[in-house]
Amino acid sequence: MIVDGFFIAGAALCAASVLLGVVAAAIRNHPDDFAILGLVAVELFLVVYGVVAAVRQAGGDGPAGEAWEFWGYLATALLVPVIAFWWAVTDKTRWSNVVLAAAGATIFVMLYRMEQIWDGALPA
């Protein structure tokens, strides 16, 4: 079981991002600013998460699993909101909001996996 403050904060931000994207898709025919800002908040969280992880690793408290795998997940997770944002500003349809919601859900799964790698709680 993962009980980490950063994970809980990230999970809450991802859930809010997904909710905003789904609600925006239900009520709007174009990308909603709140859904985009929800994903921006997730991206900012990932930047802070990465900085804190780098400081922790530099201080000797690195991931229990493979460090390259953790940093690979983080690098990929940082790209997902950027790609979803690009999609939302170039495709002015209802589906852009769904893509924003899917990006939030994807980041949650990646964050969960990063926490597993960091804490050494790897699946069997």
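Trp-71 counts as partly exposed in this predicted model, because its relative accessibility is 28%, and its ring is paired with that of Phe-70 in an edge-to-face arrangement, with 5.1 Å from centre to centre and 90° between the planes. Phe-70, by contrast, counts as buried, since its relative accessibility is 0%. Both residues belong to one aromatic cluster, and Phe-70 is also among the residues with the most contacts inside the largest nonpolar core. The points below take up the aromatic residues, the core, the salt bridges, a surface patch and a loop residue.

**Aromatic residues**

- The number of aromatic pairs comes to 8, and the pair of Phe-70 and Trp-71 is edge-to-face.
- The aromatic cluster that holds Phe-70 and Trp-71 also takes in Phe-6, Phe-45, Tyr-49 and Trp-118.

**Nonpolar core**

- The largest nonpolar core is made up of 25 residues, and those with the most contacts inside it are Leu-46, Tyr-49, Phe-70, Leu-100, Ile-107 and Met-114.
- Two or more residues of this core come from each of the elements α1 (5–27), α2, α3 (67–90) and α4 (94–119).
- When neighbours within four places in sequence are left aside, Leu-46 is in contact with Leu-74, Ala-77, Leu-78, Pro-81, Ile-107 and Met-114; of these partners, Ile-107 and Met-114 are themselves listed among the core residues with the most contacts.
- As general background, nonpolar side chains in soluble globular proteins tend to be buried together.

**Salt bridges**

- The model has 3 salt bridges, and one of them joins the side chains of Glu-69 and Arg-113, with 3.1 Å from N to O.
- Because Glu-69 lies in helix α3 and Arg-113 in helix α4, this pair ties together parts that are 44 residues apart in sequence.
- Glu-69 is partly exposed, as its relative accessible area is 21%, whereas Arg-113, at 19% relative accessibility, counts as buried; the two values fall on either side of the 20% limit under which a residue is called buried.
- Asp-32 forms a salt bridge with Arg-28, in which the closest N and O atoms are 2.6 Å apart; here Asp-32 counts as buried at 10% relative accessibility, while Arg-28 is partly exposed with a relative accessible area of 34%.
- Arg-56 forms a salt bridge with Asp-61, in which the closest N and O atoms are 2.9 Å apart; Arg-56 counts as partly exposed at 30% relative accessibility, and Asp-61 is also partly exposed, with a relative accessible area of 39%.

**Nonpolar surface patch**

- Leu-20, Phe-34, Leu-37, Val-40 and Leu-44 form a nonpolar patch on the surface, and together they have about 470 Å² of accessible area.
- Helix α2 (residues 33–58) supplies the largest share of this patch, namely 4 residues.
- Phe-34, a member of the patch, has its place in helix α2 and counts as exposed, because its relative accessibility is 56%.

**Loop between α1 and α2**

- Asn-29 lies in the loop between α1 and α2 and counts as exposed at 52% relative accessibility.
- Apart from residues up to four places away in sequence, Asn-29 touches Lys-92, Thr-93 and Arg-94.
- The C-alpha atoms of Asn-29 and Phe-85 are separated by 16 Å, and these two residues are 56 residues apart along the chain.

Terms used: Residues numbered from 1 in each chain as written. Predicted model: local features only at pLDDT ≥ 70, side-chain atom pairs only at ≥ 80, totals over all residues. Heavy atoms only, no water. Patch = residues over 30% accessible without salt bridge, like charges linked within 9 Å, V, L, I, M, F, W, Y side chains within 5 Å. Areas by Shrake-Rupley, 256 points an atom, 1.4 Å probe, with all protein chains shown as cover. Salt bridge = Lys/Arg side-chain N within 4 Å of Asp/Glu carboxyl O. Buried < 20%, exposed > 50% of the residue type's maximum accessible area, 1.4 Å probe, protein only. Core = buried A, V, L, I, M, F, W, Y, C linked by side-chain atoms within 4.5 Å. Contact = heavy atoms within 4.5 Å. Phe/Tyr/Trp six-rings, centres within 6.5 Å; stacked < 30°, edge-to-face > 60°.
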